[in-house]
Amino acid sequence: MVPSRFTQDGTLIMQNVFANPQFIQFAPMVLIFVVMYFLLIRPQQARQRKLKEEQNSLRRGDRIVTAGGVIGVVQATREGSDEVDVEIAQGVRVKIVRSTITTVLSREQKA
């Protein structure tokens with residue numbers, strides 16, 4: 001939209017928004033924010049959404065990596081619970097919190 005104003009004799013004066021020095025001064029900051037949003041923020045949100053879906057759809061036999069770097073195999077999950085039973089070595093089972101799982105490896109993929 002182009003702002004306009006009238007002179008005393010009633011003629012219309014059109015002002016160009018891009019000629020406004022305040023707009024030109026803030027345009028680079030707005031452009032940088034838009035670029036940062038599309039290059040950094042949106043992809044990170046998509047990765048977080050995907051990880052949350054993977055954490056919620058864990059099943060027995062899935063290989064996982066925790067935030068501490070521990071690799072294990074899911075042995076039991078409980079619906080509505082934040083805890084997952086994971087076997088980290090033969091005969092060694094631990095309970096971990098779902099939110100500490102950083103990567104869900106497929107069953108065939110080796111760590």
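Me: What is the strand order of the open sheet of five strands?
Reply: This is a predicted model, where local features need pLDDT of at least 70, side-chain atom pairs count only at pLDDT 80 or more, and totals for chains, interfaces and linings use all residues. Residues are numbered from 1 along each chain as its sequence is written, and side-chain values use heavy atoms, leaving out hydrogens and water. Strands are DSSP runs of E, at least two residues, and helices runs of H or I, at least four, numbered from the N terminus; two strands pair if DSSP finds at least two bridges between them. Pairing here is antiparallel, and the order is β6-β5-β4-β3-β7.

Me: Which are the edge strands?
Reply: An edge strand pairs on one side only. That picks out β6 (92-97) and β7 (101-105).

Me: Which residue in β7 is the bridge partner of Arg 63?
Reply: Strand β3 (residues 63-66) pairs with β7 in the antiparallel sense, over four bridges. The partner of Arg 63 is Leu 105.

Me: Is Gln 75 buried or exposed?
Reply: Gln 75 sits in strand β4 (residues 71-77). Buried means under 20% relative accessible area, exposed over 50%, partly exposed in between (1.4 Å probe, protein chains only). Gln 75 has 12%, so it is buried.
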